[in-house]
Amino acid sequence: MNDTKNQYLTFQVGDDVFALEIDKVHEILTYTRITRVPRMPKFLKGVINLRGHIVPVTDLRHKLGMVPAELTSDTCIVITETAIQEESVIVGILTDSVREVINLEPEQIFLPPKVGIRINPEFIKRIGKHENLIMILDIDRILAFEEI
Amino acid sequence: MEDNAIEDVPKRAVSKRKKTAEKKSAASKPLKKADKADDDLMKLFKEFKKNYEEQQAGNLEAIVDETRFKGMYREMVHYYNESGHLHIRNILKILEILSAYAEGDFSKTLEKMPGKQIIANEKLDLLKNNVQGLIIELERLTTAARNGDFSIRADATRLGDYGQFLNRMNKTLDTFADKIYLYEAIIDAFPFPISVTDSDMNWTFINKASEEVTGLKRKNVLGRQCSNWNADICKTDRCGIAMLKRGNLTSYFRQPGIDKEFRVDAAYIVSDKGERIGHIEIVQDVTAENRKKDYQSAEVNRLTARLKALAEGDLTFETDVTEADQYCGEVRQNFVHINKSLEEAKKALNSITHLAREIASGNLMVSIQKRSEKDELMAALNTMVGRLTDIAKSVQTSAAQVASGSRFISTGTQELSQGTSEQAANVEEISSSMEQMNGAIEQNADNAKETAKIALKVAQDAEDSGKAMSETVSAMKSIADKIGIIQEIARQTNMLALNAAIEAARAGQHGRGFAVVAAEVRRLAEKSQASAKEIDSLSKTSVDIAERAGRKIEGIIPGIRKTSELVEEISISNGEQADGIAQVTRAVQQLEQVIGTTASAAQEMASTSQQLSDQARQLRKKAAFFKVNLSDTDMPESFKVYAKPESGAGQIRKKDVIPDMNESEEHDDFERY
């Protein structure tokens, strides 16, 4: 388990590189068609069919206050698992591209500064220092911020 | 009824009337004898009364018709008629003598009358004596009067009215004689001689003036021939009466010893019956008149000759007037006045002549004065001189301008000549240039043909290149497609490697080896992807380049085709140019000829301009003949310049002539030229 704690999946939204703890990640999907569902919250793009399961897909750009991006061949949906009110929920996150799985040692991880970051700091769990600075997202908060 | 019957008597037979009366009486009532007697008496009375009335009316031969009566009545009527006849016969005899006397025939004498009628003889004789005496007296008086003797008087001692008549006659003669003396006195009172002659030219009267002229006395000359007047015309055909008879009423004569000339006007004296009974000649002294006439005639002749000379322009005549005698002083004065005027006219004409001479010698600065308000001659001369001055000035100016103009022409001609020779050289150069150009054009034509061939080949090659290029492009595109597949594979591989990595991570310690493989796969995938991307971008770039090259080559083809066409056109143009050059060459040859002509013309012009220059110089010289005041040039009308009021009227004054005309600029030019 310790091994997994140090591993992160990095992905890119806009110019910024984000990371998720690897144990929060189920898998990566190439972009498939997202079906819009009426009366869905604005931060949800719609739902996809993942091997028979209906999985909602959130647009991280919307959450992070960015303009929506064009779909490319690199556009991916990262399937994550989060706990909402003690209940495990599977949610897809739309990213511009997935980069790689990296190891971040504890000394490479810092608390985020209170000021100087464009992103709402509540969504940033830690700042990782790899080749660049990587913002490690608090996916639970992001998804729990508003009820799904 | 009875009255009617008697009145009818002269027309009808008495017997028939009687019968009618008887028938009537028988038919009505019976007549008584007493009544018949009364009727006859009444008839008689009526016949006598009728006869008396006829006698009274002057019908002395009227008788009573005795056939109407019978018996005693008839005899009574017969004697009545006879008695009347007896008286009438005597009266008719007296009347016959009386009528002879009345007609002036006193040769008859009345036969002796019977009885008391002898008194008729006595009275008729007395009448005859008285009348004959009267005639004799009158004859005596008239004869004396005819001879101019009015002193004779009739013997008035005769009886009765005859004496009275002669007395009155004598008194008439007295009055008549008085009148005659009066008339003589009147005629004597005339201051000019009057001569009266009878038809035989014997004097019947001369007046006192005649006596004075002739020295004759009236009482001695009466009845004598009028030639005793002794004038130079007497007994010649110039005699006044001889002239009168020829119809000429006037003649002239001189009296010997008197230095005078006389005129005689003759006329016939005509009686109340229209007969010419004599002549009257009235003489006038016409000496003064004649002398005046002669003088006047001579002077008029001289004047006429002078006026004729004046009219003909000969002013050499004199204006003297002949001295006058006692008669002609007054007339002479008139001629003196006329000649004085003539002298003035002569002077005026001499002045004008002098003026004309000045103008003729070129002096236009003469002063011309009008001699009076209406002097049109001087006004006209003034105008003429003004116009001549204007003309002379403008001629002088023009001559100068012509002179300088001719100089310019000469210079221009030289330049023209020079230019012409330069032109000729240029034209030669042009000619050789044209030949060179012709060669160049021919070469151009060959080159153009070659170029056209090359262009066609290039076009073909370009088309081929285009095709090759498009083939390349499609090959590239197919490579790109293939690369895409490789890329997709690489991506999928990457994705799979990631998911494998996630799985490996999630598997923890167990997945570690797998994770390494996954990472390696992923790295390979990434490399493949990067290479594919590179190839893709390279191929895309190549395709772009190839497409651009293809488009450019395609773009070149029509250009090359156009070039080919243009080159052909150039070839055609070259042909045209060659024609054009040939034409230009011909034109240049013509130009050479023209230039030759121009050159000779320029030479002629040079000599002409030289002549013009000479002419201008001569004109200048001629124009300088007129002397004008050049400072007045600007004045439009030069009259006032000459009309100086202070100078003498009608005089011509010569102004100072400006001697040196060379002071004017134009003239300077001229001289230099």
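**Close-up 1. The largest nonpolar core of the predicted model has 43 residues.** The residues with the most contacts inside this core are A:Leu9, A:Leu20, A:Val78 and A:Leu137 from chain A, together with B:Ala501 and B:Ile502 from chain B. Helix α12 of chain B (residues 376-507) gives the most to the core, with nine residues. In soluble globular proteins, nonpolar side chains tend to be buried together.

**Close-up 2. Surroundings of A:Leu137, one of the residues with the most contacts inside the largest core.** Leaving aside residues up to four places away in sequence, A:Leu137 touches A:Phe18, A:Leu20, A:Phe123, A:Ile124, A:Lys125 and A:Ile142. A:Leu20 is itself listed with A:Leu137 among the residues with the most contacts in that core.

**Close-up 3. Contact between chain A and chain B.** Chain A contributes 14 residues and chain B contributes 10 residues. On the chain B side, five residues are nonpolar, three are polar and two are charged.

**Close-up 4. Packing of helix α4 (residues 71-102) and helix α5 (residues 118-146) of chain B.** The two helix axes come within 11 Å and cross at roughly 5°. Angles under 35 degrees count as roughly parallel, and α4(B) and α5(B) are therefore roughly parallel to each other. From α4(B), the contact uses B:Ile94, B:Ile97 and B:Tyr101; from α5(B), it uses B:Ala120, B:Leu124, B:Leu127, B:Lys128 and B:Val131. By class, the residues of this contact are seven nonpolar, no polar and one charged.

Key
Residues are numbered from 1 along each chain as its sequence is written. Chains are lettered from A and ligands numbered from 1 in the order in which they are written. This is a predicted model: local features need pLDDT of at least 70, side-chain atom pairs count only at pLDDT 80 or more; totals for chains, interfaces and linings use all residues. Two residues are in contact if their C-beta atoms, placed from the backbone, lie within 7 Å. Ala, Val, Leu, Ile, Met, Phe, Trp, Tyr, Cys and Pro count as nonpolar, Asp, Glu, Lys and Arg as charged, and the others, Gly among them, as polar. A nonpolar core is a set of buried Ala, Val, Leu, Ile, Met, Phe, Trp, Tyr and Cys residues joined through C-beta atoms within 7 Å. A residue is buried if 20 or more other C-beta atoms lie within 10 Å of its own, exposed if 12 or fewer, and partly exposed in between; C-beta atoms are placed from the backbone. Helices (H or I, at least four residues) and strands (E, at least two) are DSSP runs, numbered from the N terminus. Axes are lines fitted to C-alpha atoms, for helices over the stretch in contact, and angles run from 0 to 180 degrees between N-to-C directions. Angles under 35 degrees count as roughly parallel, over 145 as roughly antiparallel, 65 to 115 as roughly perpendicular and the rest as oblique.
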